[in-house]
Amino acid sequence: MSVNEYELIVIGGGIIGASCGWHWVNATNADVLILEKDQPASKATGRSAGHLNTYASHKFPSAIREYCIEFYQELSCRHDEITIHHDQDYVLAHSSEGADRLHRLTEAHPDTFTYLDSDNLQTTDVPFNTVETTAALTFDRALHSDPYSLTTAMLSEFRSAGGTLKLDSVTDINTDGDRFLVNTTDGTYRSEYLVNATGAWSTQTNSMLDISLPIKARTSQIAILKPDRQLDIPMFHCPDLGLYGRQELGDDVLIGGGTSSFIPDPNGFSTTVSESFLVHVSESSDRIANSLRDARVAESWAGRCTSTPDRNPLVGSTSLSDYYICAGFNGAGVARAPFAGKLVTELILDQDLSFQPEPYAPSRFNEADDFKVKSHSTDW
Ligand SMILES: Cc1cc2nc3c(=O)[nH]c(=O)nc-3n(C[C@H](O)[C@H](O)[C@H](O)COP(=O)(O)OP(=O)(O)OC[C@H]3O[C@@H](n4cnc5c(N)ncnc54)[C@H](O)[C@@H]3O)c2cc1C
């Protein structure tokens with residue numbers, strides 16, 4: 001049986017695998033293969049809200065934020081199917097503690113955020129429930145886009161530049177001298193370098209090589225609401241309520257919320273939202289905007305997010321030489337995919353690094369570290 005040889009194999013055809021492949025093929029002439037067990041962008045990526053820049057982006061250094069925004073803006077210029085939507089993000093507090101947090105956040109980042117107390121908020125014409133909201137913070141550089149189009153655009157450029165994408169499931173990985181032997185449902189591939197970009201499956205993929213790293217899968221859910229009257233709502237985040245949202249196509253409103261539910265087996269996961277999520281959305285929506293009080297749920301879904309102990313992703317080398325991980329994005333992998341693909345490519349090629357790698361180095365954790373999964377939506 002002939003074994004196809006590649007310099008790099010990326011396992012996973014979500015937005016992270018697509019970015020790893022894109023950056024590799026644009027930095028080298030070397031052969032690269034992306035293996036995807038289902039369809040590209042069919043898992044967390046395709047279920048995501050597609051927020052690319054929100055108030056929470058300040059948690060990443062500006063070099064990372066700027067690179068990601070520029071990358072997506074340039075990609076959108078080359079692909080008519082991509083629209084980058086510009087929005088204003090309102091972080092709404094629904095408690096006095098929340099109002100204090102927003103005040104402190106604005107003091108720490110006065111050039112980025114504007115603080116509105118409840119009196120100021122009532123003088124604006126935003127459609128939020130200003131009686132329930134104790135304070136708000138605004139961030140006027142919010143962006144969102146369709147994550148499926150971003151991924152397929154990257155993959156189409158990846159293939160045009162000589163990369164190979166195969167729809168094939170990795171079942172087993174062995175080492176053969178200084179090469180990896182990657183067994184799949186349809187065959188065996190050999191490579192010098194291997195990147196694990198399997199998102200919620202990354203622990204399963206690591207276990208094929210006896211690697212243990214602290215990444216856990218957790219649920220995140222979205223409901224699409226149809227308000228009974230037209231509503232032009234800006235992007236919003238409500239950490240006190242554990243919910244976020246924005247205007248969807250037409251008059252629909254997207255409301256999402258992470259949960260702290262650990263997913264023990266990503267293969268056995270149901271994409272149906274929980275009843276408790278729908279009840280929470282229904283009970284909370286008029287606290288966010290009065291016009292959402294009688295909105296009906298038109299559509300809903302659940303997806304597999306990931307968690308790490310410090311909420312930062314794992315991007316870099318592992319204890320096994322030439323085996324890299326690019327996973328654990330804690331609900332922000334669409335926004336950070338360009339950075340992750342670039343950093344992992346520069347690390348493999350031993351190039352000058354565009355970003356500080358230490359906060360994302362897998363070696364910052366003890367293999368034995370255990371932790372509780374935590375939702376992103378309750379973050380301030
Ligand atoms: C409801 C929801 C809302 C979200 N909203 C946002 C948001 O607004 N902004 C944001 O930045 N992020 C958001 N996220 C998080 C974001 O979706 C993820 O961080 C990102 O998509 C991770 O990309 P990925 O490529 O690592 O994972 P995935 O898209 O899950 O891709 C991993 C791929 O690996 C494949 N795979 C697994 N095992 C194998 C194997 N053995 N062989 C071959 N292929 C394999 C899978 O089939 C899958 O396609 C959201 C997530 C959810 C669920």
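View 1. A backbone N or O atom of valine 170 sits 3.0 Å from a nitrogen atom of the ligand, a polar contact (a pair of N or O atoms within 3.5 Å). Lysine 37 also brings a backbone N or O atom to 3.0 Å from a ligand nitrogen, and isoleucine 15 places one 3.2 Å from a ligand oxygen. On its own the ligand exposes 1000 Å², and the protein buries 96% of that (Shrake-Rupley areas, 1.4 Å probe). This is a predicted model, where local features need pLDDT of at least 70, side-chain atom pairs count only at pLDDT 80 or more, and totals for chains, interfaces and linings use all residues. Numbering runs from 1 along each chain as its sequence is written, and side-chain values use heavy atoms, with hydrogens and water left out.

**View 2. The shell around the ligand.** Here 36 residues surround the ligand, with Glu36, Thr45, His51, Gly333 and Ala335 the closest (a heavy atom within 4 Å). They split into 16 nonpolar, 14 polar and six charged; Gly counts as polar.

**View 3. Leucine 155 in its helix.** Leucine 155 belongs to helix H6 (residues 147–160), a DSSP run of H or I with at least four residues. Because its relative accessibility is 4%, leucine 155 counts as buried (under 20%, 1.4 Å probe, protein chains only). Beyond neighbours within four places in sequence, leucine 155 touches Gly13, Ala18, Ile34, Pro40 and Leu165 (heavy atoms within 4.5 Å).

Methods:
Helix = DSSP H or I, 4+ residues; strand = E, 2+ residues; numbered from the N terminus. Buried < 20%, exposed > 50% of the residue type's maximum accessible area, 1.4 Å probe, protein only. Polar contact = N/O pair within 3.5 Å; in protein donor to acceptor, adjacent residues only side chain to side chain.
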